[in-house]
Amino acid sequence: MTTRHPDVPERRLTVDDLENTPDDGRRYELADGRLDVSPAPKPLHTRVAYRLGFHLGNHASDDMEIGEGPGIVLGGDPGKHRIPDLAVFDQEPPEEGYYTVPPLLAVEIVSPESVLRDNHTKRYEYAAFGIPSYWIINPHPDKPGIIEFRLVDGAYEEVGQTQGEELFETELPFPVRFVPHWLVASGPWRTNLGGPEAP
């Protein structure tokens with residue numbers, strides 16, 4: 001006789017079910033009504049998220065919102081809930097619940113357990129939701145890098161890769177530049193993250 005585990009629901013989950021998830025540092029997302037749980041971010045991951053969010057905040061206009069780990073309901077479907085590592089919105093955060101509109105930019109910082117999710121699953125989901133820009137950041141301490149994607153005819157096209165001490169520059173969602181090395185390296189990152197000053 002097979003006994004169903006009492007903690008495994010048979011129905012499709014929605015964001016309402018996330019109200020009861022434990023506050024344990026893990027990330028609880030929904031992929032087509034199925035729970036998708038990620039472990040708590042490691043210190044290098046949080047360093048990259050903080051530094052990049054800080055840098056983006058210094059370059060964004062006052063009407064933009066830089067969100068670290070914002071919950072987003074994709075396409076109005078309560079069974080599709082994602083939490084990008086960073087996102088840039090051009091509107092105020094909702095008073096309650098989660099964002100339901102596409103951000104201008106979603107950023108994922110990959111970890112060994114999220115490579116497939118970030119490079120394939122989320123890439124498809126974010127494109128289908130209409131997020132114009134998507135960055136995937138590899139925080140490898142020896143050679144950190146970024147891949148930039150832009151939405152073209154409903155799908156993402158890679159527009160560039162930058163690694164190490166090369167200077168990454170983009171115009172979307174607003175003009176910004178930074179050196180991936182300084183997202184992870186110890187030392188004067190605030191001074192050097194933006195790269196050398198333009199002449």
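Tutor: The mean pLDDT of the protein is 91, and 94% of the residues score at least 70. pLDDT is the predictor's confidence in each residue, on a scale from 0 to 100. Among the elements, helix α2 (residues 115-129) has the lowest confidence, with a mean of 88. Strand β6 (residues 86-89) has the highest, at 98. Where pLDDT is low, predicted coordinates should not be read in detail.

This is a predicted model, in which local features need pLDDT of at least 70, side-chain atom pairs count only at pLDDT 80 or more, and totals for chains, interfaces and linings use all residues. Residues are numbered from 1 along each chain as its sequence is written, and side-chain values use heavy atoms, with hydrogens and water left out.

The setting comes next. The protein has four helices and twelve strands. Both are DSSP runs numbered from the N terminus: helices are H or I with at least four residues, strands are E with at least two. The C-alpha atoms fill a box of roughly 70 × 30 × 30 Å along the principal axes. Of the 199 residues, 44% are buried. Buried means under 20% relative accessible area, exposed means over 50%, and partly exposed lies in between (1.4 Å probe, protein chains only).

Now the loops. Most residues other than glycine have a negative phi, and most peptide bonds are trans. Asp32 has a positive phi, near 50°, and is not a glycine. Asp32 sits in the loop between β1 (27-31) and β2 (34-38). Its relative accessible area is 42%, so Asp32 counts as partly exposed.

Asp153 also has a positive phi, of about 55°. This residue belongs to the loop between β9 (145-152) and β10 (155-163). With a relative accessible area of 81%, Asp153 is exposed.

Which peptide bond is cis? The one from Leu172 to Pro173, with omega near 5°. Pro173 lies in the loop between β11 (168-170) and β12 (176-178).

Gly160 is in strand β10. Its C-alpha atom is 5.9 Å from that of Ile147, 13 residues away along the chain. Leaving aside neighbours within four places in sequence, Gly160 is in contact with Ile146, Ile147 and Glu148. Contact means heavy atoms within 4.5 Å. The relative accessible area of Gly160 is 23%, so this residue is partly exposed.

Asp16 lies in the segment before β1. Asp16 is exposed, with a relative accessible area of 58%. Across the protein, 50% of the contacts with a separation of 6 or more join residues 24 or more positions apart.
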